[in-house]
Amino acid sequence: GAARETRRLGGEAAVADESREITEALLRVRALMGREVEHGASALEVLGQNTATLERTKESYEAQSPMLQAGQQLLKILKDQDRMDKLKVWVAFAFFISVVLYIVGKRVAYFLPGLGWGRGPPRPPG
């Protein structure tokens with residue numbers, strides 16, 4: 001009887017120890033799952049904040065989109081005007097060079113009658 005009772009008590013103690021270990025393991029798993037849930041909740045909160053930031057950025061871009069398009073059109077107009085201004089400068093420069101050459105030709109003809117345009121200096125009558 002006593003040996004059987006000791007064995008039974010030893011078996012109950014082993015079951016109690018095993019039960020305690022299982023309970024502790026379950027508590028650790030529960031704590032770990034709680035931390036993971038908190039981590040997931042904080043990740044969702046950050047994701048929500050990022051979504052709100054993206055929405056504000058999108059709204060800002062949509063609000064500025066017409067201004068950006070108008071700016072592009074103005075830049076195109078400015079580039080076209082720049083090209084026209086450069087063309088005008090080159091035409092004016094070519095005209096200036098033509099006038100200078102004409103004047104130089106007339107002056108050369110005045111001093112050297114055989115080289116330039118025109119008749120040369122007036123000759124005295126006689």
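Student: What is the relative accessible area of Arg20, and how should I read it?

Tutor: Arg20 has a relative accessible area of 46%, so it is partly exposed. The reading rests on two cut-offs, because buried means under 20% and exposed means over 50%. Keep in mind that this is a predicted model.

Student: Which residue does the side chain of Arg20 meet in a salt bridge?

Tutor: The general idea comes before the case. Side chains of opposite charge can pair when their charged atoms come close. Here the partner of Arg20 is Asp17, with 2.8 Å from N to O. Asp17 is partly exposed too, because its relative accessibility is 35%.

Student: Where do Asp17 and Arg20 lie?

Tutor: Both are in helix 1, three residues apart, which is about one turn of the helix. Helix 1 covers residues 2-111, and the chain has one helix and zero strands.

Student: How many salt bridges does a search of the whole structure find?

Tutor: The search finds five. One of them joins the side chains of Glu62 and Lys58, at 3.9 Å from N to O. To count, the nitrogen has to be within 4 Å of the carboxyl oxygen, so the Glu62 and Lys58 contact at 3.9 Å qualifies.

Student: Why are Glu62 and Lys58 separated by about one helical turn?

Tutor: Because they are four residues apart in helix 1.

Student: Which residues are linked in a network of salt bridges?

Tutor: Lys76, Asp80 and Arg83 are. Within that group, the side chains of Asp80 and Lys76 meet at 3.5 Å, N to O. Those two residues are four apart in helix 1, again about one turn.

Student: Are Asp80 and Lys76 buried, partly exposed or exposed?

Tutor: Take each value in turn. Asp80 has a relative accessible area of 30% and is partly exposed. Lys76 is at 55%, so it counts as exposed.

Student: How many aromatic pairs does the structure hold?

Tutor: There is one aromatic pair. The rings belong to Trp90 and Phe93, and their centres are 6.0 Å apart with the planes at 85°, so the pair is edge-to-face. The cut-off behind that label is an angle over 60 degrees between the planes. Trp90 and Phe93 sit three residues apart in helix 1, about one turn.

Student: What is the relative accessibility of Trp90, and what is it for Phe93?

Tutor: Trp90 is at 58% and counts as exposed. Phe93 is at 44% and counts as partly exposed.

Student: Which residues make the nonpolar surface patch?

Tutor: Trp90 and Phe93 are among them, together with Phe96, Ile97, Val100, Leu101, Val104, Val108, Tyr110, Phe111 and Leu112. The patch is about 1100 Å². A patch residue needs over 30% relative accessible area. The place of Val104 is in helix 1.

Student: What percentage of the residues in the chain is buried?

Tutor: Buried residues are 3% of the 126 in the chain. The chain exposes about 11600 Å², and carbon and sulfur atoms supply 65% of that area.

Key. Residues are numbered from 1 along each chain as its sequence is written. This is a predicted model: local features need pLDDT of at least 70, side-chain atom pairs count only at pLDDT 80 or more; totals for chains, interfaces and linings use all residues. Side-chain values use heavy atoms; hydrogens and water are left out. Patches are made of residues with over 30% relative accessible area and no salt bridge: like charges are joined within 9 Å, nonpolar side chains (Val, Leu, Ile, Met, Phe, Trp, Tyr) within 5 Å. Accessible areas come from the Shrake-Rupley method with a 1.4 Å probe; for residues, only the protein chains shown count as cover. Buried means under 20% relative accessible area, exposed over 50%, partly exposed in between (1.4 Å probe, protein chains only). Rings of Phe, Tyr and Trp (its six-membered ring) pair if their centres lie within 6.5 Å; planes under 30 degrees apart count as stacked, over 60 as edge-to-face and the rest as tilted.
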